[in-house]
Amino acid sequence: MKTLLKNGTIVTGSGSRVADLLICGEKIVKIGENLESPDAKVVDCSGKLLFPGFIDAHTHFDLDVCNTTTADDFYSGGRAALRGGTTMVIDFACPNKGESLQYGLDLWHKKADGKTACDYAFHMTIDDWNEDIIREIPKMFEQGISSFKMYLTYPAMMIGDKNVFLALQELKKYGGIAGVHCENADVIDSLIAQKKAAGETAPSSHPRTRPSVLEAEAIDRLLKMAEVAQTPVVIVHLSSADGYDEICHARQRGQKVYVETCPHYLLLDDSRYDQPEYIESAKYVCAPPLRKARDQEVLWKALASDQIQTVSTDHCSFSLAQKNAGKDDFTKIPGGLPGVETRGTLLYTYGVAEGRITREQMARLLSENPAKLYGAYPRKGILAEGSDADIVVYDPAGEGIITAADQAYNMDYNPFEGFRTQGHIAQVYLRGKLAVEQGEILEDRGGQFIPRGKCAL
Ligand code: DUC
Ligand code: ZN
């Protein structure tokens with residue numbers, strides 16, 4: 001089957017131009033002017049922007065956490081992703097301590113295979129460190145898993161600084177890359193104990209027990225370990241100016257550091273935790289917490305100057321009933337926000353349309369850089385001959401409003417409720433097939449597992 005997209009503005013990380021794009025089967029076969037293909041379905045894309053399918057390199061679908069399971073699994077999460085222009089997610093396979101990496105990988109395949117609307121891949125979580133795990137690392141690469149995740153917070157996931165350092169050294173042998181959640185667990189625990197002893201159990205205590213300086217401390221500690229291990233790392237979900245300062249210091253020392261932030265850190269602030277109604281504040285509990293307007297400003301400037309490489313979502317959704325679990329104790333509120341459906345439209349609206357970043361930067365942040373960073377480029381991440389025909393047709397005209405009444409999530413709220421949007425996602429093609437048409441999902445189990453190679457960013 002052939003499709004010819006005529007006269008769209010083709011946006012890639014390195015430039016934009018009006019051209020025609022011919023799809024044959026799953027691939028882009030030609031980009032050029034005045035293309036003709038008698039047997040192709042012709043679609044007029046005049047006035048539309050054609051982006052490479054977005055990649056969300058940070059989702060948590062079907063994850064058991066805080067004695068509950070995320071509201072979105074790979075079915076609803078994949079549908080929401082695709083509807084939002086995300087043609088590939090990289091989720092976190094997450095074995096429990098004591099389980100093998102292979103067990104975690106098999107389990108994540110079981111959760112995702114045959115029921116995901118968009119393409120998908122997995123990072124592997126390292127939350128245990130022993131001889132068996134070390135032996136399994138090369139086997140992960142053989143199965144298309146080239147990126148890993150470690151935590152400097154959450155006791156259920158932490159392996160301690162010594163093992164983080166050893167894991168960095170081990171991954172380096174294979175050209176693997178690790179993303180790390182940076183917050184100082186022990187000091188956070190102490191602050192939590194003090195808040196509880198003082199009877200301050202409302203959600204407003206959440207950001208006060210996780211101040212940005214504790215993100216900065218953990219980032220600095222990790223980067224010093226990475227410096228000794230002589231390997232680049234990814235700082236996931238950077239939330240604060242304090243944390244960013246530490247990244248700048250490491251770069252000044254000559255280190256290579258990759259950075260991810262998320263729409264909620266760019267667009268929402270910590271005043272959300274001080275609302276009178278419990279549930280209105282609980283909705284926004286995530287870790288790291290939302291920060292201040294100044295932090296947002298610093299993050300936007302870092303995006304504009306290409307100092308942050310990716311915007312992913314940390315999509316980790318819980319319904320209002322699930323968020324209610326912490327009514328008497330903020331530490332029992334399951335942490336996380338949905339975001340996979342609105343990322344592209346928000347970045348276009350508040351980034352490109354408001355002049356903070358260019359559309360080429362948007363293509364780099366949402367597509368090209370995650371594809372390169374996580375070893376899926378050039379199959380993914382670019383509109384080029386030979387690449388998968390994952391395409392977002394963005395209509396920049398018109399305005400909309402984000403509302404939970406119009407979303408594919410298995411969710412009863414949207415953290416960006418009421419946010420104005422500029423333009424909308426008109427169509428999404430997944431490997432050559434029209435998969436979303438004006439918000440309607442046409443194909444919702446067509447996603448494939450994408451094995452990945454080494455970092456190329
Ligand atoms: N932070 C969250 O808020 N949820 C999921 C995991 C994380 O790091
Ligand atoms: Zn996460």
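The second largest pocket of this predicted model has a volume of about 450 Å³, and of the 22 residues that line this pocket, R83, T345, D406, T421 and H424 are the closest to its centre. Its lining takes its largest share, five residues, from β16, and at least three residues from each of domain 1 (2-51 + 383-407 + 423-437) and domain 2 (54-373), with bounds from an automatic or database domain assignment.

The largest pocket is lined by 50 residues, of which V65, C66, Y154, M157 and G335 lie nearest its centre.

A pocket is an open set of points on a 1 Å grid over the protein atoms alone, where a 1.4 Å probe fits, with protein on both sides within 12 Å along at least five of seven lines, and lining residues have an atom within 4 Å of a point.

The zinc ion (ligand 2) has as protein donors (N, O and S atoms within 2.8 Å of the metal, or 3.2 Å for Na, K and Ca) H58 (NE2), H60 (NE2) and D314 (OD), at 2.0 to 2.2 Å. H60 lies in the loop between β6 (54-59) and β7 (64-65) and D314 in the loop between β15 (310-311) and α12 (320-323), so the pair ties together parts 254 residues apart in sequence. H60 is buried (under 20% relative accessible area, with a 1.4 Å probe and protein chains only) at 6%, and D314 is buried at 11%.

Residues are numbered from 1 along each chain as its sequence is written, and ligands from 1 in the order in which they are written. Local features need pLDDT of at least 70 and side-chain atom pairs pLDDT 80 or more, while totals for chains, interfaces and linings use all residues, and side-chain values use heavy atoms, without hydrogens and water.

Terms used: Helices (H or I, at least four residues) and strands (E, at least two) are DSSP runs, numbered from the N terminus. Buried means under 20% relative accessible area, exposed over 50%, partly exposed in between (1.4 Å probe, protein chains only). Grid points are joined across faces, edges and corners, and a volume is the space filled by probe spheres set on the points.
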